[in-house]
Amino acid sequence: MGERVTIFTDGACSGNPGPGGWGALLRFNGNEKELCGGEAETTNNRMELMAAIQALTALKRACAIDLYTDSQYVKGGITGWVANWKRNGWRTAAKKPVKNEDLWRALDDALKRHEVEFHWVKGHAGHEGNERADQLANKGMAPFKG
């Protein structure tokens with residue numbers, strides 16, 4: 001996997017739950033691709049997950065990826081909790097169903113063909129890639145806001 005892709009993802013929600021959007025900025029070999037979308041009734045965590053899922057599934061072939069997110073939920077979940085949830089039949093340590101299981105499964109599946117390193121960045125702190133992903137998430141949410 002010699003090709004290295006850099007991805008910045010973000011989710012946004014107006015109310016939680018409420019209308020939400022996700023955004024992703026993909027960079028490869030001097031090129032950029034922007035993705036965004038949204039839903040009428042969702043949560044911020046679901047939109048953070050959707051951003052990562054959509055970015056990974058948009059890639060046409062297996063890649064080495066640096067994925068930057070400002071979501072501790074996404075980074076912590078995929079790098080720490082998912083393995084245990086899968087072992088426990090998608091139950092938490094407290095034996096409760098995993099929230100957003102459908103999206104965690106989709107993200108886990110999207111990761112299978114790639115070599116992904118997750119990075120956390122502080123949101124709304126002037127990080128150029130994260131700021132653009134935030135703008136895209138808000139663009140994705142715009143059609144669903146009253």
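Mentor: Rolling a probe the size of a water molecule over the atoms shows where empty space is left. In this predicted model, the largest pocket has a volume of about 290 Å³. A pocket is an open set of points on a 1 Å grid over the protein atoms alone, where a 1.4 Å probe fits, with protein on both sides within 12 Å along at least five of seven lines; its volume is the space filled by probe spheres set on the points, joined across faces, edges and corners. Numbering starts from 1 along each chain, and side-chain values use heavy atoms, without hydrogens and water. Local features need pLDDT of at least 70, side-chain atom pairs 80 or more, while totals for chains, interfaces and linings use all residues.

Trainee: Which residues lie nearest the centre of the largest pocket?

Mentor: Val5, Leu26, Phe28, Leu59 and Lys60, out of 13 lining residues (an atom within 4 Å of a point). Strands E2 (18-28) and E3 (31-42) each supply at least two of the lining residues; strands (E, at least two residues) and helices (H or I, at least four) are DSSP runs numbered from the N terminus.

Trainee: Which residues of H2 are buried?

Mentor: Tyr73, Val74, Gly76, Gly77, Ile78, Val82 and Trp85, buried being under 20% relative accessible area and exposed over 50% (1.4 Å probe, protein chains only).

Trainee: Where is the cis peptide bond?

Mentor: Most residues other than glycine have a negative phi, and most peptide bonds are trans. Here the Asn16 to Pro17 bond is cis, with omega near 15°, and Pro17 sits in the loop between E1 (4-13) and E2. Lys95 has a positive phi of about 65°, and Asn100 one of about 60°; neither is a glycine.

Trainee: Is Lys95 buried or exposed?

Mentor: Exposed, at 63% relative accessibility, whereas Asn100 is buried at 16%.
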